[in-house]
Amino acid sequence: MTPPIATLPRAGADPARGPDPSGPTSPRDPRPGLSGLTPDELRAWLAVRGLAAYRARQVADAVWRGLARTPEDLRGLPRDLRAALAAAFRVDTIVETEVRLADGGRTAKVLHRLSDDRLVESVLMRYPARAGRRERDTLCISSQVGCAVGCPFCATGELGFGRDLETAEIVDQVRDAARRLAGEGRRLTNVVFMGMGEPLLNLDAVLAAIGALTDSARFGLGARHVTVSTSGVVPGMRRLTALGPQFTLAVSLHAARDPLRDVLVPLNRRWPVAEVVAAARDHARATGRRVSYEHVMIAGINDTERDAVALAELLRGDLAHVNLIPMNPVAHTPWLASDGPAVERFAARLRAAGIGVTVRRNRGQEIGAACGQLAAERAGEPPPAAVDRRRKRLVAESAAALRGERSPAAPGSAGEAG
Ligand code: SF4
């Protein structure tokens, strides 16, 4: 029987680092974030204080159009109301932001400090206009501090799980980027939930964040400009399908065969490949929207002819597109990124089967743009002996997977029996 989402492990996914190395070092500010309130909640808060409903519109304008950061930025409101709002809510849930630029300024990797000193990351990527497409500014955001899924090629997975983000902590990453872009006369065009965390394990907050981002009275982004990425939380995927929103679903697949996917995405032991792809297929049928499949390319592990054939068979005839992403070489794994010819051979095999493929470039690699790398840097290096144990375990598990054998789940991982 499939265990409920709530029973997934909530502590450090990899014993190499131990539980929750990212904090906290301070108590969390108990005031909710102002940007996390729905218009109804804001009106109700004002009504209790005998204030007119039109004030809700003014507050929302200051938060979403004015991108307010401090109580002083809540312009046009009476001083008493500003003070009352500041006492009850945080105008911005991000305490501090550090920006590192790469790719000639076209990629900005951003580390956000929250009220409890936890760190989360967002990445702003600017794409110039080309081939009939307008220029785009895409922001990749986090939905959790750390992640319980524990994919071994991912720096966030190695950090382990910290906590869920509140709705305001999610949308304030977007307001932060919008503020920076506004200074250059630009607007954010796309938001992707592909930063730290598994969005479907924090689904209520993520749905509320999407509601705020796509509400024309708040951030006003078109639903089709939002992508939600999952490592395969099937109940969450089915819930999204039932809700019927028009945003894009992306599935971090990384392997089409269960023994290998058990190693690369430990959640596969709960929801295996066939169940994940069936849920994605149903989503595509119900919404008419193409599903994106992410496939990180690891030399000699999941980039072989056999893997390409298995993936082509799995997705043949589906409303699907595959993104091939060279593995970022920084994580503590024994593996290397696939080289260019291997990626091209893999892509050609999929194209020959009629499947659309994009080969992605790893943007901002020199600043550690893969999710979790800056936070991992701050958490410090895990002990060498633990890294060595982790590498040996991954070598043994991937060798077994290449022989078609399934390995038992690592202790504390998302795939462990709960
Ligand atoms: S790749 Fe995504 S799901 Fe996997 S550990 Fe990293 S953040 Fe979590």
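Tutor: Two strands count as paired if DSSP finds at least two bridges between them. Keep in mind that this is a predicted model.

Student: How do you know that E3 and strand E4 pair?

Tutor: E3 and E4 (residues 136-140) are joined over five bridges, in the antiparallel sense. The definition asks for at least two bridges, so five are enough and the strands pair. Within this pairing, Arg126 stands opposite Asp137 in E4.

Student: What makes strand E2 and strand E3 a pair?

Tutor: Seven bridges join E2 (residues 107-114) to E3 (residues 119-127). At least two are required, so E2 and E3 also pair. The two strands run antiparallel, and Leu111 stands opposite Glu121 in E3.

Student: What do E2 and E3 form, and how many residues lie between them?

Tutor: E2 and E3 form a hairpin, with four residues between them. In the turn, Asp117 has a positive phi of about 70°.

Student: Why is H7 called roughly parallel to H9?

Tutor: Helix H7 (residues 234-243) and helix H9 (residues 273-287) pack at an angle of about 5°. Angles under 35 degrees count as roughly parallel, so H7 is roughly parallel to H9. Their axes are 9 Å apart.

Student: Which residues of H7 and H9 meet?

Tutor: From H7 come Val234, Met237, Arg238, Leu240 and Thr241. They meet Glu275, Val276, Ala279, Ala280, Asp282, His283 and Ala286 in H9. The residues of this contact divide into seven nonpolar, two polar and three charged.

Student: Does Ala256 count as buried or exposed, and why?

Tutor: Ala256 has 23 C-beta neighbours inside 10 Å. A residue is buried at 20 or more, so Ala256 counts as buried. Its place is in the loop between strand E9 (248-252) and helix H8 (258-264).

Student: Which residues does Ala256 touch, not counting those up to four places away in sequence?

Tutor: Ala256 touches Val273, Asp307, Ala310, Leu311 and Leu314. The C-alpha atoms of Ala256 and Ala308 are separated by 8.5 Å, although the two residues are 52 residues apart along the chain.

Student: How much of the protein chain counts as buried?

Tutor: Of its 418 residues, 48% count as buried. The protein chain has 13 helices and 12 strands.

Student: Which residues come nearest to the ligand?

Tutor: There are 13 residues around the ligand, and Cys147, Val149, Cys151, Cys154 and Gly157 come nearest. The shell divides into six nonpolar residues, six polar and one charged.

Methods: Residues numbered from 1 in each chain as written. Predicted model: local features only at pLDDT ≥ 70, side-chain atom pairs only at ≥ 80, totals over all residues. Near = placed C-beta within 6 Å. Nonpolar A, V, L, I, M, F, W, Y, C, P; charged D, E, K, R; others polar. Buried ≥ 20, exposed ≤ 12 C-beta atoms within 10 Å, placed from the backbone. Axes fitted to C-alpha atoms, helices over the stretch in contact; angles between N-to-C directions. Parallel < 35°, antiparallel > 145°, perpendicular 65-115°, else oblique. Contact = placed C-beta atoms within 7 Å.
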